Amino acid sequence: MNEPNPAVITTVPTPAVIEEIRPEIEDVRTCYFRFEDPEIEKSFAVRSGQFVMCTVFGAGEFAVSLPWSPEGDRRHLSVRAVGKVTGALARLAPGDKIGIRGPFGNGFPFEAIKGKNIIYVAGGIGIIPLRSSIVHVLLHRPEFGRLILLYGARAPQDLMYRDKIEEWRRTEGFETHITIDRPRPGWTGETGFVHTLIEKAKVPVENTVAFVCGPPIMFNAVIKELSARGLRDDCIISTLERHMKCGIGKCQHCAIGRTLVCTDGPVFTYKQIKTLGEQI
Amino acid sequence: MYILPKADVPRLLDAIAARYELFGPVVDPISGDTLFDRASAPSAVRLDAPIPVNTPKFSVFPHFERILTYRYDRASKALDIRREDLVRPKALVGVRSCDLTGLLCFDRFFLGQEFVDEVYRDHRRKMLIVANTCVRPFAQCFCVCTDSGPAAVEGFDVNLTDLGEAFLFETGSDKGRGLASELGLAPAGEHAARDRAAVVNRSIGLFDGQAVENKAWISRAVNRLTTGFVKPETWEYIGQQCFECGACSFVCPSCSCFNVQDAATQAGPTDRLRTWDSCSFEGYSRMAGEHNPRRPIEDRRNKRFFCKLSYSQSKKYLRPGCVGCGRCARVCPGDIGLPNVVTAIRREITEPKP
Amino acid sequence: MSYHSGVCNFCGTGCGHLLMVENGTVRGVFPSPGHPVSRGRLCVRGWHIHELLATEERLARPLRRGPNGFESVSWDEALEGAAAELRRFRPDEIGVWASPRASNEDVFTAVRLARAVLRTPHIDLLSDAWYSSTAEVLREGTGWPGSLGTLADVRAADFLFVVGTDLTRQNPIVASELHFAAKAGADLVTLSSRTTQMARLSRTHLRPAPGAKKAVLAAMLKLLLDEGLADPDFAAGRIEGTEAVRLSLRDVDLAGLEKAAGLTADGLRDLVRRLAKAERAMAFFSSGTTGLGRDTVALIYNLFLAAGKIGRPGCGLVPVVGISNLAGANDMGAAPGRLPGWRRLPDPAAEAAVRSAWGEAAAVTPGRRIDDLLRDPAKPLRALVVMDHDEEINLHAEALKKLDFVLYLGAYDNPFIEFAHVVLPAATYAETDGTYTNTERRIQLVRRKTEPRFEARPAWRILTGLAVRLGASWGYDSPEAVFADIARAVPMYAGADYARLEAGVGGLAWPVDAAHPRGTARYERSAADPAPRAVPLREPLAGTAPAAADYPFRLMAGKSYFYWHQNNIMKRTFIPLREYNALLLLYPQGLVDVHPDDAARLGLRDKRPVRVVSAAGTMTVQARVTSDVLPGMVYAPYFIGPMIEGFLRPEAGAVERGEDAVIPVRLEKV
């Protein structure tokens, strides 16, 4: 009989302590945490693009994309309080414990995209899973071509990771374009939906991949714009979110047709997404 | 192969019960229903009872199970998490070949993929399986169309076949052979294989008048489902009759979708409960933030039949997910058990509407 | 064994199930193929009843309200305290509200506590808007206060007529029987303004404008008579009451109906021909909180009587009950105007019998409905004993707060305890023996599967203990002993006892008496029986009034699949609760259904807010745009908090008219 893969925590949530909580935007907080067991703290290794199952004790468990990069980054989760469990997480304080299972999922295909231009297109909290990729790529900057971030939110107060974005803005060789939906007093940057930045930023198409993440309306508008410019479907990468109960391909809640987001994904190319046979 | 005289069946059951938690077909005294159930005493197991109404899957995949219990005290930050203690090894006695096939699907699915499901593995560990060849199918049975009966060919420690005066006692593992020698069973004579074949053939013969549509059309249905050629109108026709009760999933030997829920207890700890679920439910794939990628009921039905019959799902089980037990047809309030779905697909092929 | 056979307690169908018990708690459920009603099927609720039975959200121990909120007390203290409180009031200041989910034994002890010990006639049943009046119609016609048919006849029927509510949601296994019959060739007809799943599964869907159901039924009856299709006795006026019914039909306006209800006279003519021709015809209609008005039921009855389908083999009218023991609780006499066994007051013989069994001081006068009393400032109720109430109590929150003493008795945590002074934890149906009477009069015995959890006690035992402390001595030491008294008090149950009920799976249908020792499946008229009578209407048939200019839409209030029992029970489950929430995720502010044409005209979009305004109330909800409703119609499948506050409470009177209720509203884009 098969034995479980010891590198991944599959069944029993592993205790972790919240070290710090930072409010990001309305309803979204970032929790920095460390594992209680120093051995696990040392051995817990993730790939950018994976996700974990996070237990809020007394409330339940939810799947969440990793915003942190395996190298040179603090462990944290950025979570929007939308339901019973994420709402309970929002009520925790530093020193409280949470449980972590994982990491699960495939991760971003960095090997395959070496040498290419990278465009990140994020809408709202869609920046969370992309953050990990951006941090990784910046650490390995010479391995990639042009690097562009197009990030849009409803209003200035809806922009995530403002410190990090400030840092990225100042990073040489990283073209950042930030927009909000409508002009607001005090906002001097771009306005309009994020897909309009594609035109403004004069993004390349040759030898280019785009990472796109955000709400369905934004996602569809961005894809339309990128495709119109000739970017191939297999050069568009996204990460899907689904309702999940196990993370290990058993509960089937995240099934899209024959594909399981938890074990086959969560990272897919748009070409794959199109063949999944259900709404995104 | 050995011979187990019927008078020795109690000895077999006693020997098993001494080492295992015994499950088998028992008869409910009030309703007269045969259930595959935990036996209160070895003598409660009835190898001659009709096919159990439920599958043995609950013994490895309980309807409602506590998989963890934890206690977290926010004031002191004390956290205590426990897994359920390892259960006593289980023996499933009198398992029908359809249900055994379902169990093998479970093995491949829960143990044979990228991750091992530890909860399932703990239930399955050290299990003893005694199969029983089906000699009397139900009207809804169609295992002969899904390569899963009426006799088991793999996955058992012992396989019993009723030869009249005695059972043929076929062993499939060291555990089975150990039982034979412990009971001092006599080896079967040279006619045993022929007698067994006769019993199985007689049983297959009973299918002549039933499962007619399935026998003729199930492979075409598999084809159409896999390639996505089933017409939307057919799914709509099926969806319209679906009462969304989930019964087809709950009675299916190979359906394994589950839900996980944390629930506080009055004693203090919180239980993490794992419960049966069904992809026919609207809330099954719902997501926070108003988004449900799979809304209409036809889509959700479609998902389940795809799981039972498509090639791509068969790759996970190394066989079709449907094991032909016919239980979905017996419990469906909408009369859209799998055989009727095959019929609906046959109709769209043979009775095309303009 | 872990599986033990029993009967599902969610709705009035009474399906057979097997509960799996491990280590003293219920951990699973499976349908019982051997059960004569459900034959191996359960609905989504039945498939998850173990979640309700395993829930930890139970009332665990007796509580008494002290200066700092509730405190745990012993059973003795709680019962003594409650008895002392109840002694402070005059009998007619006390009300008892029994539960239609409780067993016959529990309800019977509640009735006896009210009338014989507290000596109040104000004994009533929750959620019983229409069962009483429905059963009274059937009794007036045939002498049977309950279903005239049996579900066992459905599959052999030729003609099946469903009036109103969506049975696939309310009583799915009853609907399943109808569906199987239709697939086998029965003529299934649904009369419903909304396109429900039941309607989709029907051969004919009559779709009148909201509020026109009565007019359509009257037109069918008139056509049956005009076409010479009626039973000769009915046509010749040899049946008592026929003339009065005929007189009411003078008001039938076929032309007007064609215009208002979108139906053709030819279509209806064809339909009554099919009904008349059928050998075996049955009708089904809802009879609980979403039931039909008295005259609507009388019209269905008269239609079937005129068609010669009353008392004939294989025929029957079945008032479908949404709550497990609504029918049985009525049989027990949990009604202010009746004594046990449907004996309507005044009834000198019944009064004397009750006095001789329960003592001379027993209250045998007619009482008043509890919700009437709560609404009436001149008749102040001061104390209330409540069993197992759901949250519809929101409607009476203000009046309840003013009560001096409320005793709440129930199994699950419930918002009602906010109003209670003493809370007593009751056992679930799986924790004690008890009988339940289903929608077709089938009395079924359900045996205890586990010990009561925590400190809970069976309701019959709690009420008996309370009676003892109030000076009575009933001698009930088991539900079986209570049932023996039921058999003495309720003539239809006279020949039943636990041994007989348990002799076969599925129990016995009343009347069970000396003449029918094995029960009676259906009302069948033999030469010796008195002939059935026609049931005259009480109110003139009004035409469908044209919609008022200010309020051009007609709003119907309903119940959706998962918002069942006001959701208090569903809230204790996982999967059914999730399914209920699935719709609320899409429509978090609550919803009303609006036809696409109306939506386009008013600029309403799916999921966008819409204000619904009636003469009395206002609510802002989300629109669900669907052609399941007719143009000019608005359907509210259920009501959530703010909808109740702003709209339902002011319109409570209208909503209590059940399925027939139509509230004129206008819609405003927000």
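C:Asp376 is partly exposed, at 22% relative accessibility, where partly exposed lies between buried (under 20% relative accessible area) and exposed (over 50%), with a 1.4 Å probe and protein chains only. This is a predicted model, in which local features need pLDDT of at least 70, side-chain atom pairs count only at pLDDT 80 or more, and totals for chains, interfaces and linings use all residues. Residues are numbered from 1 along each chain as its sequence is written, chains are lettered from A and ligands numbered from 1 in the order in which they are written, and side-chain values use heavy atoms, leaving out hydrogens and water.

C:Asp376 pairs with C:Arg368 in a salt bridge, defined as a side-chain nitrogen of Lys or Arg within 4 Å of a carboxyl oxygen of Asp or Glu. Elsewhere, salt bridges with shared partners connect A:Glu19, A:Glu20, A:Arg22, A:Arg34 and A:Arg74 in one network. Over all chains, the search of the whole structure finds 99 salt bridges.

| B:Asp107 | B:Arg124 | 2.7 Å |

B:Asp107 and B:Arg124 form a salt bridge that links distant parts of chain B, 17 residues apart: B:Asp107 belongs to helix 2 (residues 97–111) and B:Arg124 to helix 3 (residues 118–124). Helices are DSSP runs (H or I, at least four residues), numbered from the N terminus. B:Asp107 is buried at 15%, and B:Arg124 is buried at 9%.

C:Glu136 and C:Arg139 sit three residues apart in helix 4 (residues 131–142) of chain C, about one turn of the helix. C:Glu136 is buried at 16%, whereas C:Arg139 is partly exposed at 23%.

Definitions and conventions
Helix = DSSP H or I, 4+ residues; strand = E, 2+ residues; numbered from the N terminus.
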